[in-house]
Amino acid sequence: MKLVRQNDKFARNRSPHLAGNRRLSLAGNRSLQIKAGIAVLTAAALASGCAGGAGGQDPVEPAHGQQVKQAEQRAAAHAARVAAVKKWKVAKMPLTPPKPPTTKKPITTRKGFEVTGQKNLPPVYTTVPTKDKVVFLTIDDGADKDPEFLRMMSELKIPYTAFLSNYLIKEDYGFFKKMQDRGVGLNNHTLTHRYMPGLSYAEQKREICGMQDIIEKRYGKRPQLFRPPYGNYNKDTLKAAKACGVTSVPLWNAEAFVDRMDWREWDRDLHPGDIILTHFRGKEDWKGTMPDMMRRLLKTVTDKGYAIARLEDYLPAQAGR
């Protein structure tokens, strides 16, 4: 039986985040500021094509009061993000991803990652097909449970997707519920993080279906995404994953550490749609914390002109919803 093994450098051997005129003057200035802000926002929307109606129809402008409210909301959100960037000592403002595509491109298995009978099994991929300059952050296992990381990611509004192993999260299921409440997708990384190709089909199915059951019981939703430990799998792994309700198997094209990036591709660079892997790790494993890792990763991604988007927003319904 064919074994698909990831590059050893990606494997993680891990044991089982006024008065009078003055008042009128201020009000007038405020009105001018709001109108100016609306004009800028509207111009930006027109330039990007977002304000245009379908089929070349003229855009329908919201009522004046709604425009003012929207402008104020955007200004407040921007100010909060600027403050978060300063608070968390991020080198520069992370780029904002575009709106997710309304039509998702099909996910197919990366060449060289196939197993026999792959056509009828969940696709295995390292990059999502898109022309948008976005990458996707995924975080594995659940070992380090840093509340500062949760706050950082929430305040900076950085999306990510988690792949969890029960033996590491069972001591604090609540931590990951807080994560889920912030919009993070919680997915399957097996019960005990075993080397899957070394197990029988029945053992692999217990590892995968068992974790499906736990995530559904604890978080109310059965995952459709599965990542095999160390990125290693064989045909039985994919057969078991499909039997457990998994529809796709995202791996990764780059890995983030607190002190470096590792790359799968020869050009050692990011590409549109690349999936980035990192782990829930702290000072016990790294020379730093998860916020330290994120500062480095955000600098790398932003310097290269990419935004971090939510993986599930780019996957077809049957491959991640």
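I started at strand 10, where D140 stands opposite H279. This is a predicted model, so I kept in mind that local features need pLDDT of at least 70, side-chain atom pairs count only at pLDDT 80 or more, and totals for chains, interfaces and linings use all residues. Residues are numbered from 1 along each chain as its sequence is written, and side-chain values use heavy atoms, with hydrogens and water left out.

Next I looked up the partners of strand 10. Strand 3 (residues 134–141) runs parallel to strand 10 and is joined to it by 5 bridges. Strand 8 (residues 254–256) is also parallel to strand 10, with 2 bridges, and there A254 stands opposite I276. (Strands pair if DSSP finds at least two bridges between them; helices, H or I of at least four residues, and strands, E of at least two, are DSSP runs numbered from the N terminus.)

Then I checked burial (buried is under 20% relative accessible area, exposed over 50%, partly exposed in between, with a 1.4 Å probe and protein chains only). I found I275, L277 and H279 buried on one side of strand 10, and I276 and T278 buried on the other.

On to the rings: I noted 5 aromatic pairs. (Phe, Tyr and Trp rings, the six-membered one for Trp, pair with centres within 6.5 Å; planes under 30 degrees apart are stacked, over 60 edge-to-face, the rest tilted.) F175 and F176 are edge-to-face, at 5.0 Å and 80 degrees. The rings of F176 and F280 are 5.8 Å apart between centres with planes at 90 degrees, so I logged this pair as edge-to-face too. F176 and F280 are both buried.
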